[in-house]
Amino acid sequence: MLSQFFILSSRGDTIAFRDYRGDVVRGTAEIFYRKIKAWPSSLPPPILNVEGIHFIYIRRNGLYFVCTTKFNVAPTFIIELLGRIASLCKDYCGVLNEEAIRLNFVLVYELLDEILDFGYPQVTSTEALKACVLNKPVELSTDSTSMKVGALNQTREQRTLPSSAANKSVAFGSDNAGDKHELFVDLLERMTVLIGANGTVLRADLDGAVQMKSFLPGSPEIRLGLSEDITIGRSSASPGGGIGVPLDDCNFHEFVKVEEFEKDRTLAITPPEGEFTVMRYRLAGDFHHKLPFQLLMMVDDNDPRSLEVVLKLRCDVPAEHHATNLLVRLPVPKATTSVSSTLNGSGQSAEFKSADKVQVWKLRRCPGGSEQSARFRLNVSEKGRSTRKEIGPVSLEFEIPMFLCSGMNIRYLRVTERGGRTYTPFRWVRYITHSDSYVIRT
């Protein structure tokens with residue numbers, strides 16, 4: 001089956017390595033990293049063959065999870081296995097990044113010894129591995145954004161937590177004295193949008209997921225009530241356009257009782273240990289809310305040695321919300337030698353990346369309903385007829401906390417013990433909208 005498994009950082013450093021069969025040459029980690037860095041495109045395929053050795057890998061949070069083999073294995077099975085190993089590392093280390101893996105390398109090697117035996121997968125269940133893993137994780141302290149509570153059992157001072165509060169290891173267990181009984185639920189949506197130069201929306205897709213991480217003892221039943229106006233399939237969507245939550249399709253975790261969802265849009269779950277995805281959904285076309293950003297670009301090319309570009313960015317989310325970590329990328333002509341910037345607000349910065357010929361405009365925070373503008377003077381070595389056409393298209397990267405374009409929301413979140421008694425643990429809910437690809441043609 002598998003000959004080797006290793007984890008590499010984004011720089012190519014080997015963080016963890018296991019050779020299970022000894023039938024592959026040494027230095028495979030370096031061979032793999034050189035191969036993907038020399039690949040012609042920026043996205044090399046997940047399966048590579050170098051001199052008879054198959055490299056199969058996934059990338060998570062900047063880390064490469066790679067395995068090698070000389071056998072004719074099923075690629076999708078190995079990719080699924082690598083995904084499970086990455087999820088197990090996150091469950092037991094609390095967070096998945098280079099620092100967490102390095103701090104918990106003894107724990108990671110213990111997990112690898114239990115997951116794979118002589119290259120053959122044995123067990124990938126978080127709950128089953130708890131009886132075999134004896135090392136305790138080293139917790140990683142992180143500073144991050146706030147998380148809003150979705151239940152009302154906390155005091156007024158406890159309505160928010162740092163998002164790192166969910167980065168706890170399942171190895172500590174929730175049965176220990178003094179541990180909080182907590183349940184974390186994330187509604188995540190990623191947007192793929194393409195807007196034409198005339199403002200017409202050419203493509204608007206949204207991929208959503210309901211993710212859960214439970215620290216409740218005894219695996220009690222959890223009932224998660226979603227929006228009642230969810231419709232599945234365009235044929236059953238509300239005719240009003242923008243009314244309700246019309247999903248194109250959705251799928252559920254195996255522990256979800258689908259009959260409950262079909263009846264009243266409630267997800268009844270008996271959660272497994274660790275983090276898992278309760279539900280995935282997809283919709284395209286019109287959303288419940290307007291697209292979060294519109295952009296207007298004006299270009300003045302009267303000067304023979306420069307071009308002046310003005311960008312006006314409008315944030316169309318409701319006023320009570322805001323976008324964070326906003327990056328606006330503007331491709332500039334190849335003849336551009338330097339760029340001078342004029343910005344109109346605080347918390348903004350601009351950087352010209354000469355090697356990529358891209359001007360980057362960064363906004364730390366963009367309130368809903370506001371309009372931001374920036375003026376860039378592009379100094380060029382020469383100007384031709386096609387110089388103006390080399391500007392754009394503009395791409396955006398952003399994150400909008402506590403806001404979902406689909407209109408999906410959680411009506412209630414209840415926990416029932418096996419005896420039928422309902423109790424109120426700490427229940428935390430977070431909504432986040434991310435940009436997957438948000439491109440505006442100019």
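**Close-up views of salt bridges and a buried serine**

**View 1. Glu308 and Arg375 meet through their side chains in a salt bridge, with N and O 2.8 Å apart.** Glu308 belongs to strand E20 (residues 306–315) and Arg375 to strand E25 (residues 371–380), so this pair ties together parts that lie 67 residues apart in sequence. A salt bridge here is a side-chain nitrogen of Lys or Arg within 4 Å of a carboxyl oxygen of Asp or Glu. Strands (E, at least two residues) and helices (H or I, at least four) are DSSP runs, numbered from the N terminus. Glu308 counts as buried at 19% relative accessibility, while Arg375 is partly exposed at 39%. Buried means under 20% relative accessible area, exposed over 50%, and partly exposed in between (1.4 Å probe, protein chains only).

**About the model.** Please keep in mind that this is a predicted model, in which local features need pLDDT of at least 70, side-chain atom pairs count only at pLDDT 80 or more, and totals for chains, interfaces and linings use all residues. Residues are numbered from 1 along each chain as its sequence is written, and side-chain values use heavy atoms, leaving out hydrogens and water.

**View 2. Arg411 and Glu228 form a salt bridge, 3.5 Å from N to O.** Arg411 sits in strand E27 (residues 410–416) and Glu228 in the loop between strand E12 (221–226) and strand E13 (230–232), so the two join parts that are 183 residues apart in sequence.

**View 3. Asp23 pairs with Arg21 in a salt bridge whose closest N and O atoms are 3.9 Å apart.** Both ends are partly exposed: Asp23 has a relative accessible area of 28%, and Arg21 has 22% relative accessibility. This bridge can be viewed alongside the total for the whole structure, where a search finds 20 salt bridges.

**View 4. Ser435 is a buried residue of strand E29 (residues 426–440).** Its relative accessible area is 13%. A polar atom of the Ser435 side chain lies 2.9 Å from the backbone nitrogen of Phe398. Leaving aside neighbours within four places in sequence, Ser435 is in contact (heavy atoms within 4.5 Å) with Arg190, Met191, Leu396, Glu397 and Phe398.

How values were computed. A polar contact is a pair of N or O atoms within 3.5 Å; within protein, one must be able to donate a hydrogen and the other to accept it, and residues adjacent in sequence count only if both atoms are side-chain atoms.
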